[in-house]
Amino acid sequence: MTWTTFFQQLMNGVSVGSLYALLAIGYTLVYGILGLINFAHSDVFMLGTYFAFFMIGIFLLPWWISVLIGVGLCALVGVTIERVAYRPLRNAPRISALITAVGVSFFIENLGLVTVGARPKGFPRPELMKNVYFIAGARIQGVTFWVPLISIAVLLVLFYLVYRTKLGMAMRAVSKDMETTRLMGVNVDRVILYAFALGSALAGIGGVLWACKYPQINPLMGIFPGWKAFTAAVVGGIGNVVGAMIGGFIIGLAEIMIVAFFPNLTGYRDAFVFALLIIFLLVKPSGIMGETLKEKV
Amino acid sequence: MFTRETRELLFTFVLFVLLMVGVWLAQRYLNAYLVRIFNTACIYVIAAVAYNLVNGITGQFSLGPNGFMAIGGYTVALLMLPVVQKQEVYFLQPLIWPFNSFSFPPALFIFALLLGGLLAAGGAILIGFPTLRLRGDYLAIATFGFGEIIIVLANNLIPLTNGALGIKGIPEYTNLWWTVNWAFWTVFLVKNLVNSSFGRALKAIREDEVAAEAMGINLFRHKLLAFALSAFFAGVAGGLFVTLISTISPTLFTFSMTFNLLIIIVLGGLGSITGSTITAVLFAFLQELLREVEAPHVIGSWTFPGIPGMRMVVFSAILVILMIFYRRGLFGRQELSWQHVSRILWWGKRAHGGQS
Amino acid sequence: MFLEYCGGGKELMVDNHERILHLENLTIAFGGLLAVNDFSLTIYRGDLVGLIGPNGAGKTTVFNLVSGQYIPTRGKVWFDGREITGLSPDRITALGIARTFQNIRLFGDLSALENVLVSFHVRTSYSFLSPMFCFPRSRKEERRIREEAYSLLEAVGLGNFAREKASSLPYGQQRRLEIARALATHPRLLLLDEPAAGMNPQETRELMEFIQRIRRDFELTIFLIEHDMKVVMGICERVAVMDFGIKIAEGTPSEIRNNPRVIEAYLGAEAQ
């Protein structure tokens, strides 16, 4: 492998990784607070692309505005899911909430299949993404360049929100100890809604950027990225926002590099992530940044 | 006259004989369409009861049955497909040794099923080993991944699975005798296990892992046992299914299969073996009914084309609504026992005769 | 009253003076916080030892270290002459230490009888295949443990509640059931975490008698955490006091009562 192709693949890995990171943060926020795997998160990711797609295609809005509206709608969907499906089950056994999450996810996917069909649609990309850049002699596509850049910018805004604002502090407090935080006078329900809104908006952004990179969209497109992003959250230490980001980059880079070095194993790309998950669970189940979770006895 | 256990065994035996007579009659007089639904129903019973052992009894959230069914299905397909046919089917890439050189005679079908089940159980141990030691929901995410990875492997291991084309022309060994027998024995065995000291240990784990461990129960061993046993029966169900419809491909055992089973066990009551049995049969029929929804309809000037997938929309909506408003399902954690049945049947008599 | 109770314990103490539980410099850190710091304690066979201290002093953490829920950062736990540090809770229970929980942790959806039966499971000798195929052996065993569990429920005064769901029992009965469940594991050392919590004076008095009785009937060594000073001073022969993860005193109830450090710890806690 030459240096330039290596560099191209590296950029590619970073860009896929940054998308996993965006998606993983939504999982980790919700898991940290509610202890729930939000299976529907990957579908919000998918919905983001369709919202933008229809805004552009039907309402003929400019790309950026369409995307912004799409992301807003994603936040709304996330909040609705929490309000309608998860909140009634907050004190129910864990398994009930998980089953509901799976149900919501499957509902969105199948509703998608029924309404827009299984056939992939071409996602319109803005000119910016189609440009070609030459960096250090390597030919880098606009997407490969802009996707990680935008993702990282979004991640920085998120870190600011989580670690520097009152809302972020409330979120972290709720995830540490919901009851005590409630006693401190924090409106826990509202904090949870914000967490869903924030996570879902990130998923929406991730979805649109993903569609810029792989411009074929379909109602089931969220399943694998979603599962890998959750794996990334586990690898990084579930519940930890920085960990989710690190995990996302690790998964993205590992996946792309393995395919780059062993091209005939391309078909098994998804299986590697699975192997990585199993290895992590065996060796370091608490993840890179996670603390060992000990149930209070 | 008899102890309660003996009497219940006797009842069970009578039920078995009745079932066998029923099968004999059905084979003779029932039309092929209904027989097929009953076959599917029995396969659902096997897989759902097994699934409930993990999700309902032990309280561990697995999303893996489709993967285990796929393992069982491919195993049985590879073992039972005649060698001549194998050469025809695997025209892209030849089947690898040793499967290309032998196949089981029909008499060994039962062993093919058992092997399929055992391999599925092996897969479960592989997944369970890293995940069941940990508290939390790692099992859910690992089994979900596993189900998807099995499909990836089925698509890519072409010399073994024939890739996306799948395997066609698998001999149709499965008939009502097989499915009803397996369903009966699965329910019988799993229910016995659940009612034993092991079953109590599994329920204790569901109720409170910390307390169960403090009472001396080895969490990992018990969870793994339940998970592997469940996978065994799922594997058998997969094997029966492919020899029923005589074909297997990567799209046969997708997540939808797991989802169907999830609806069955939630509807029947998480933790109720008899509940799952009944709802599995109901589900098989409900599914046929909902096929109607997917057929093309003309209403006024609107023509609705066939909407494949509408069923799944309805099912997932049902699941969410059930979880929010009617979490306990039809049976909750109750089991339908012979005591209940006799109470219903001899209700009048008991009112006079007192304790039986 | 106190003397009367002492009399019950005396013959046991004369019996032997071997160590049954020995905690050696136990230390555990959560993050930067030392929840238990350099805690040492020896309990002799037949003792009834109390552990007291203000809220958050680390008492339950000591129990969790003994029963294996937590693994100490430093230090050792010896039980009956062997080191059990780092063993899993189920192994430790099998060796003969049983416990109850501060916030009752029964198997809520199971009946009282089943709750007790769960504890018998470890010592059932058949494999899982035996009940599946209705082998007579497992049925005989099942009948045996059912009888044993019944008589245990009778012994703790819950005979009439055997078929009730554990979660539907009144609070006091739940505490008793938890003790019965622990006894069913055939322990030699019983750890009771605040057995009198939430009880009225009448129930508390009954509980004290109950603890004395099971101690005699089951030849137990008992180590208990309690907030109710009447209980601790009434039935314990020795008392250890913790504050901020450290053992600040140990002695007979009367020694403890007059210990200035203990008084300070409690007054200090109240002053907060």
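The model is a predicted one, in which local features need pLDDT of at least 70, side-chain atom pairs count only at pLDDT 80 or more, and totals for chains, interfaces and linings use all residues. Residues are numbered from 1 along each chain as its sequence is written, while chains are lettered from A and ligands numbered from 1 in the order in which they are written.

Chain C first. It has 11 helices and 10 strands; here helices (H or I, at least four residues) and strands (E, at least two) are DSSP runs, numbered from the N terminus. The radius of gyration of chain C, taken over C-alpha atoms, is 19 Å, close to the 19 Å given by the globule rule for 272 residues, so chain C is as compact as a globular protein of that length. That rule is 2.2 Å times the number of residues to the power 0.38. The C-alpha trace of chain C spans about 65 × 40 × 40 Å along its principal axes. As for burial, 44% of the 272 residues of chain C count as buried, where buried takes 20 or more other C-beta atoms within 10 Å of the residue's own, exposed takes 12 or fewer, and partly exposed lies in between, with C-beta atoms placed from the backbone. Taking the contacts in chain C between residues at least 6 apart in sequence, 68% join residues at least 24 apart. Two residues are in contact if their C-beta atoms, placed from the backbone, lie within 7 Å.

Now to the sheets of chain C, where two strands pair if DSSP finds at least two bridges between them. One is an open sheet of 4 strands, ordered β2-β1-β4-β5 with antiparallel pairing. Its edge strands are β2 (33-44) and β5 (82-83) of chain C, each pairing on one side only. Strand β1(C), residues 19-30, pairs with β2(C) over 8 bridges in the antiparallel sense, and C:Phe30 has C:Leu33 of β2(C) as its bridge partner. β1(C) is also joined by 5 bridges to β4(C), residues 74-79, again antiparallel; here C:Leu23 stands opposite C:Val77. From β4(C), 2 bridges lead on to the antiparallel β5(C), with C:Glu83 as the bridge partner of C:Trp78. β4(C) and β5(C) make a hairpin with 2 residues between them, and C:Asp80 in the turn has a positive phi of about 55 degrees.

C:Asn25 belongs to strand β1 of chain C. This residue counts as exposed because 12 other C-beta atoms lie within 10 Å. Leaving out residues up to four places away in sequence, C:Asn25 touches C:Asp38, C:Ser40, C:Arg74 and C:Gly75. Its C-alpha atom is separated by 7.4 Å from that of C:Asn37, 12 residues apart along the chain.

The other open sheet described here has 6 strands in the order β6-β7-β8-β3-β9-β10 (chain C), and its pairing is mixed. β6 (97-99) and β10 (246-251) of chain C are the edge strands, each pairing on one side only. On average, neighbouring strands of this sheet are turned by 20 degrees against each other, direction ignored. Axes are lines fitted to C-alpha atoms, for helices over the stretch in contact, and angles run from 0 to 180 degrees between N-to-C directions. Within the sheet, β3(C), residues 48-52, and β8(C), residues 221-225, pair in the parallel sense over 4 bridges, and C:Leu51 stands opposite C:Ile225. Helix α2(C), residues 59-67, lies across β3, β6, β7 (189-193), β8 and β9 (238-243) of chain C, and runs at about 150 degrees to β7(C).

Over in chain A, the axes of helix α1 (residues 3-34) and helix α6 (residues 142-164) come within 8 Å and cross at roughly 35 degrees. Residues making this contact include A:Met11, A:Leu22 and A:Ile25 of α1(A), and A:Val147, A:Pro148 and A:Leu158 of α6(A). By class, the contact has 12 nonpolar, 5 polar and no charged residues. Ala, Val, Leu, Ile, Met, Phe, Trp, Tyr, Cys and Pro count as nonpolar, Asp, Glu, Lys and Arg as charged, and the others, Gly among them, as polar.

Finally, 35 residues of chain A are in contact with 37 residues of chain B. On the chain A side, α4 (94-116), α10 (223-236) and α12 (269-283) are the elements giving two or more residues, and α4(A) gives the most, with 14 residues. The residues on that side divide into 28 nonpolar, 5 polar and 2 charged.
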